[in-house]
Structure formats: C-alpha cells, structure tokens
Amino acid sequence: MTDALVLGQRALREGIRTPEAIVPTLFIPLFFLVVNVGQAAKIFPGSTTAFLHGQGYGAFQLPSSMLLAASFGSAALFLVEEIEGGYFDKLRATPVRRSAIVLGRLIAEGAKALLIASLIVLVGLAFGITIASGVLGFVLLVVLTALWAVVYAGFMQIIALKTRSAAATNSAGLIFFPLLFLTPNFVPRDLLTRPMEIAATFNPVTYIMEALRSLVLVDLAWEPIVLGYLVVAVAGAIMLAISIRVIRTYD
Amino acid sequence: MPEVTSVVQRAPEGRRSAAAVEAEGLVKTYRSRADTVEAVRGVDLRVEAGEVFGFLGPNGAGKSTTVKMLTTLLSITAGRARVAGLDVGREPDAVRRRIGVALQEAGLDPRQTGRELLVLQGRLFDLSAREAETRAVELLELVELTDAADRRIKGYSGGMKRRLDLASALVHEPEVLFLDEPTTGLDPASRLTVWDEVRRINERGTTVFLTTQYLEEADQLCDRLAIIDDGRIVREGTPARLKAELRERLGLEREATLDDVFLDATGRTRIHVAGEVQEVSA
C-alpha cells in the first residue's frame, strides 16, 4: 500500500500542477446544474412537487451534477501520456506491485473527487439547497461520489492500458453520456416512460444517483444508501480485478 | 545472411567471474489478426559481470525488444534469460531489484522536478523518505544537475533529461544497468558527458548493457559487443578481435573499422558518390 500511496502523492502533485485539467471538472457540472434548473424548475415547483420533499429542483439535480463531475477524471489520459512518453515503462521496471501502479492514480483521483464533490455541494448550499441527512449525510454524499469517480476512472484506465491511445481513451470516455442520462436524471424512476424505466433499472448509475438523491432530499434512508454503496463496491471489485489482470499481462 | 562470427576474449582474472546476463534461444513473436512478426529469433548472449557490453544493430533489428525482455518489460515467447543470476520469467520482481533501466525514450515525468523524480524512484525501491532524499542529492551531484534539481523536467534540455534518466536508473545501485540508445539525439558534448558517466558507473562495478546505433560509441565504451540483425546475433566479440577477424578474412590492407564490421555483419555495403556516403542493402 505504501507504494500506491507514494504514487498517489505523485499523481496528486501532477493534478495540482495541471489546473487546466481540474477547473472544467468543477465548472461544467455547475453550468449544467444552473441550465437544468433554469429549464425545469418552473415545471417542478418545490411547494407542489412531492418528489422534491419541500426543496427546490436544484436539490434534485445536485446529484446529477456531482456524478457528471465524477466522470471527468483525467487519470486515464495522464496514463496514456505516460505510456507514450516512456515513464510508464520506467515504473514497470521497478519492483513495486503492479496493482500499486494502477491504484496510485486512483487514490489521487479519489482525493480530487472528494474535493470537487465537496465544492459542488458547498456551492449548492450557498444557493439554498440543504442536505436533509445532515453532516453524516454530507460525508456519505461526497464519499459515494468520490468512490464512483475512482471506479469510473479505473475503467477508463483499463481502456488506456488496452488501447494505449489518447484518442481511443477520449472516445471511450463518452460512455458517461448513456451512463448518466439513462437514469432518473430529471424525474424519479416511477415517472419515466416504461422503456426508459427498464433502461434505468439496468444502469448501475441509477442506484448511485438514487442514493445521493435520498441523502440530499430525505433524512438517512438506509435502503437506497446501502444499495448505492453496494453497486459501487461491486463495480469497484470488478474494475480492480480487470485492472490488475490487464497490467500484469501488459506487454 | 552472414554466418555468426564469435570472437570471445577471456575475462581478466578477478574482475569477471559470473555472468551478469545470460540468454538462451530468446524469441519474441508479436501476433496480430493480420500476421505474425518474429522480432527476435533465438538470441544467445552471455555478458560477464563488470563488463560494458555493446548491443548493436540497424533500426528494427531487435535490440530494444531484446532489452525489454531482459528487463522484464516484455514477455518472453520462447527461450530463457537470467539477469544477475535470476530467471527473468520466474522472478521478475527480484530481477527488477537488481537492474537499472534507462530506455530509449528517456522516460521521465515532465511535471515533476528532477529531485522529486529521483526521490520517488528511491521510494519505489524501498528507500525511506530520508534515504531517498539523500540518494537524490548524491545522484544529482553525480550527473551534474544539482542546479536544476528543483526545476520541472519539462524545461530540461535533451542532454539533461538523459543524465537524469541515467541517475534514476542508479538510485538503488543496480548490479546490471541497461541503457537503450542512451545518446541518440544528443549533441556531441552531451554525448561525451554520458560516455563519461557510463565509464564512471562501470568503474564502480556495475555491469553495463548498452544498445547503440553509434559505432564510435561502441568502440569507445564497450569491452565486448554483439551485432543483431533481423532478430539474430550475427557477430559477437571484442571490438579489436572483430576488426582483426574482418581484416584477415577479407584480406584488407588497411585496418578494419567497426563500421566495416557492422556493414559486413548486416549485409550492407557503402557506395561513395561525389563525396556523399549512401548506405544500400546488399
């Protein structure tokens, strides 16, 4: 684990020295939050819309923006850069565990996601959104978002390791569109059309979004929260298993 | 294809006793949907401890592929290799602890400073934070980068990057140092500096396995060398013996050069036209 932490520190330093890669991760999700609220807030007034639990539509949209931010990780693109530049081979020539090479960047990705998720929530709070589940809810909210950011970045890293191409990795990153939009993004699942509801039910991001949303809108409702964490845990385990296999057989 | 000529010089007593690198029938095959490429086709090598061994060959001959197999970075399709007495295929981590690697691309992280890169490298070889700091200072001094230690690597010149790469390969005081074309793209002054470093490192007891396209470099630095062409070793021996053998075999009136040996070994000839040298395949 020490090796992974040392490599994580290095990746974090890299992120801090490349602010141009982090700043859009904060501003684009906030932009979409403003736009989505601007377009739909009148349709769903807080006072008469049951699924908003007395809050404004911004509170309902906040988790979508957090998940969007979590999908903007730059670990995979930095990795491709490192493969192309030869530093990746330098790391592979050291006796560190192969898993540490993968985990290092993911630790940094998790730390960055914690910070960005916290900032997005703080901006939301400044505009009147409240976290109904309190301080513990806030912690669970940003931790779940950061864990999803790690899992998503991990899958992108697998693509980077397999393709060794920035273009291919970038294109693969577009999968966040179906992942994010085949969800109860604008309304709860029971208000979706039947085909959309089926698609959302099969989409793991749905359960993470519903967990985040319950933390924002209602007090600690453990069923969706546990389900959200369980989905991230299973996806994380799959991601780690594939990552380790891919880096061990990397030629 | 010319026959393999092996002109091996016996190692001086006391200096060379055990093999630092041994390869038997080393093969690397790349398979794709369209075809199969045999990059290395059965390489046998023996590098004695304490030697500077040169590994020469034209572009695409299999030099870098061989080095990557010996340094655990590529899987071995067939054959076996031992480095520092350890089996590369079976004990890759143990091999990694005993070797230093500076590859063709001078693989460095441009966003770190020279000092940060060396400290990180030390930490990855199990040095404590303090030990890694101390070692970084020593190495920066060794490669004359102390003044640039806290500048980001992206601002370094080509020569500085090569020297830093060399330093990073030495962090853990390896038994065997692999240098893949360490002076490619460098100006003559930087090249000489790298040569001095290689000599200094070797004098401290490190075996150096060096690939190069520069025959003068091999002549200057290497105790022994092998020439690889089309994935096979076509010559092996000391530079002096290889030159003498060629002179004798071709009945040359002048001294043979390493260029002559290389061209003879790889089946290439030179045609001098109006003062220009053109290289053509025989």
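## Helices 3 and 5 of chain B

Helix 3 and helix 5 of chain B run roughly parallel to each other (angles under 35 degrees count as roughly parallel, over 145 as roughly antiparallel, 65 to 115 as roughly perpendicular and the rest as oblique). The model is predicted: local features need pLDDT of at least 70 and side-chain atom pairs count only at pLDDT 80 or more, whereas totals for chains, interfaces and linings use all residues. Residues are numbered from 1 along each chain as its sequence is written, while chains are lettered from A and ligands numbered from 1 in the order in which they are written. Helices (H or I, at least four residues) and strands (E, at least two) are DSSP runs, numbered from the N terminus.

Two packed helices are described by the angle between their axes and the distance between the axes. For helix 3 and helix 5 (residues 158–169) of chain B, the angle is about 20° and the axes are 9 Å apart; axes are lines fitted to C-alpha atoms, for helices over the stretch in contact, and angles run from 0 to 180 degrees between N-to-C directions. The crossing of helix 3 of chain B with helix 5 of chain B is right-handed (the near helix is turned clockwise from the far one by less than a right angle; anticlockwise is left-handed). Gly114(B), Leu117(B), Leu118(B) and Gln121(B) of helix 3 of chain B meet Leu164(B), Ala167(B) and Ser168(B) of helix 5 of chain B, a contact being counted where C-beta atoms, placed from the backbone, lie within 7 Å. These residues comprise four nonpolar, three polar and no charged (Ala, Val, Leu, Ile, Met, Phe, Trp, Tyr, Cys and Pro count as nonpolar, Asp, Glu, Lys and Arg as charged, and the others, Gly among them, as polar).

## The interface of chains A and B

In the interface, 21 residues of chain B are in contact with 17 residues of chain A. Helix 2 (92–98) and helix 3 of chain B are the elements that give two or more residues to the chain B side. That side has nine nonpolar, five polar and seven charged residues.

Helix 3 (residues 114–124) of chain B also packs against helix 1 (residues 2–16) of chain A; their axes come within 10 Å and cross at roughly 165°. Helix 1 of chain A is therefore roughly antiparallel to helix 3 of chain B, and their crossing is left-handed. Asp3(A), Val6(A) and Arg10(A) meet Leu120(B), Arg123(B) and Leu124(B) here.

Four strands of chain B form an open antiparallel sheet in the order 3-2-5-6, two strands being paired if DSSP finds at least two bridges between them. Strand 3 (36–48) and strand 6 (86–87) of chain B are the edge strands, each with a single partner, so one side of each has no neighbour in the sheet.

Strand 2 (residues 19–31) of chain B pairs with strand 3 of chain B over ten bridges, in the antiparallel sense. Within strand 3 of chain B, Arg41(B) stands opposite Val27(B). Helix 1 (residues 63–70) of chain B lies across strand 2, strand 3 and strand 5 (78–83) of chain B, at about 115° to strand 2 of chain B.

## The fold of chain A

Chain A has twelve helices and zero strands. Its radius of gyration is 19 Å, close to the 18 Å that the globule rule gives for 251 residues, so chain A is as compact as a globular protein of that length (the radius is taken over C-alpha atoms, and the rule is 2.2 Å times the number of residues to the power 0.38). Along the principal axes, the C-alpha atoms of chain A fill a box of roughly 60 × 35 × 30 Å.

Helix 3 (residues 57–70) and helix 6 (residues 98–126) of chain A have axes that come within 10 Å and cross at roughly 160°. Helix 3 of chain A is therefore roughly antiparallel to helix 6 of chain A, and the crossing is right-handed. Among the contact residues are Leu62(A) and Met66(A) of helix 3 of chain A, and Ile116(A) and Ile120(A) of helix 6 of chain A. The contact of these two helices divides into eight nonpolar, three polar and no charged residues.

How values were computed: Contact = placed C-beta atoms within 7 Å.
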